[in-house]
Amino acid sequence: MGTVNPPAVGATIEAEDVVWLRLDTALGAVTRREAARLAHRVGMSADRVAEVELAVTEAATNLQKHARDGALALRVVTLPDRAAVELLSLDSGPGISDLRSALLDGMSSSGTLGVGMGAIARSADAFDVYSVPGSGTTLLARFWSGREDDGSDGPEPAVAGLTRPISGETVCGDSWSARTDLGEGGLVVTAMLSDGLGHGPLAALASERARAAFRAHAHRSPEEILRAVHLQLKGTRGAAVAVARADFARGTVENCGVGNITVCVVNGDKRQGLLSLPGIVGHQMPAALRSFQGRLDPGAVLVLHSDGLSDRWSPADFPGVFRRRPSVIAGHVLGQAGVRRDDAGILVARAATP
């Protein structure tokens, strides 16, 4: 939905704290309060904060009135020159049969606050919604701390990740980090996903250290990065970690992973998995690391996720979603495949939409 501008490059993008709000009677008020807190944190004006509050309250009310089950995720997304508040609304159905009508100004669903999804789309700097009738809907709204003078969305991040802690925990043991660069012919993304063993603060500490090691060594090869992560994780619980490098211009991807992290390339309706090696990063690493290669056709998407998501999903389950923004892809796959009682983490990378 809408134009995706060329992705921002030359920067490291990392997991941010995510506020997860489950579907309940107080969802609207809690969502409004948390969104305002994040909007003030990134320096938005009072008028812009009010716009954000109205939009997220509309999303919460729609979820309450129509979804069988669902949640809202609020977080801050940062780029080198600015930051945004991002809202993801995820539900498991019943889906929206007529998205075009739902997005028309003046169309409000069952008397919800404002004028429905059209109000969210109009106030957000970036907006997208994906829905499968009978299944579920994922809605993205991003509000930058400073609007572009030309009215565009600004640079679309080439990478998006999403983490969700196991129920009962406030911190997630899964985390991610990525670096975007310009190679000889175009975009190169180096991405890492870490799944700290167990749950809670100690698992989160392992993944936090993995991010620190990645940040310092992201310019090196995936194998060298993984060795640096291994050294940094000594004395922690350890983690399953995968480091993948995707060269979208050359159409190549390589993965060096240890432990149970799923790494795959989605080309149309086909999915190609890249192998990882057995072991625990920080404890038991294979003596001889190796990388596994795959192909990136034009429009292909790189996906990494932890075992908090079922590995039995297929691109055919989500027709058209892999042509959407990375945040929508990450949100929808996690929302539909994150059915295990575990920490869940997913990272998605793709080149700009033509």
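Colleague: Leaving aside its neighbours within four places in sequence, which residues is Leu309 in contact with?

Modeller: Please keep in mind that this is a predicted model. Once the neighbours within four places in sequence are set aside, Leu309 is in contact with Val333, Leu334, Ala337, Gly338, Arg340, Ala344, Gly345 and Ile346. Leu309 itself lies in the loop between strand S15 (301–305) and helix H7 (326–337), and its C-alpha atom is separated by 8.4 Å from that of Asp342, although these two residues are 33 residues apart along the chain.

Colleague: Is Leu309 buried or exposed?

Modeller: The general idea is that nonpolar side chains in soluble globular proteins tend to be buried together. In this case Leu309 has a relative accessible area of 0%, and because buried means under 20%, Leu309 counts as buried.

Colleague: How many residues of H7 are buried, and which are they?

Modeller: In H7, 10 of the 12 residues are buried, so this helix is largely enclosed by the rest of the structure. The buried residues are Pro326, Ser327, Val328, Ile329, Ala330, Gly331, His332, Val333, Leu334 and Ala337. As for its geometry, H7 reaches 16 Å from its first C-alpha to its last, which is close to the 16 Å expected at 1.5 Å a residue.

Colleague: Which residues have the most contacts inside the largest nonpolar core?

Modeller: The largest nonpolar core has 31 residues, and those with the most contacts inside it are Met44, Leu74, Leu87, Leu139 and Ala141. Several elements each supply at least two residues of this core, among them helix H1 (27–41), helix H2 (46–66), strand S3 (70–79) and strand S6 (137–144), while the largest share, 7 residues, comes from H2.

Colleague: What share of the residues in the whole chain is buried?

Modeller: Buried residues make up 58% of the 354 residues in the chain, which has 7 helices and 16 strands. Among the contacts with a separation of 6 or more, 69% are accounted for by residues 24 or more positions apart. The chain exposes about 14500 Å², of which carbon and sulfur atoms supply 50%.

Definitions and conventions. Residues are numbered from 1 along each chain as its sequence is written. This is a predicted model: local features need pLDDT of at least 70, side-chain atom pairs count only at pLDDT 80 or more; totals for chains, interfaces and linings use all residues. Side-chain values use heavy atoms; hydrogens and water are left out. A nonpolar core is a set of buried Ala, Val, Leu, Ile, Met, Phe, Trp, Tyr and Cys residues joined through side-chain atoms within 4.5 Å. Buried means under 20% relative accessible area, exposed over 50%, partly exposed in between (1.4 Å probe, protein chains only). Helices (H or I, at least four residues) and strands (E, at least two) are DSSP runs, numbered from the N terminus. Contact means heavy atoms within 4.5 Å. The expected span of a helix is 1.5 Å times one less than its number of residues. Accessible areas come from the Shrake-Rupley method with a 1.4 Å probe; for residues, only the protein chains shown count as cover.
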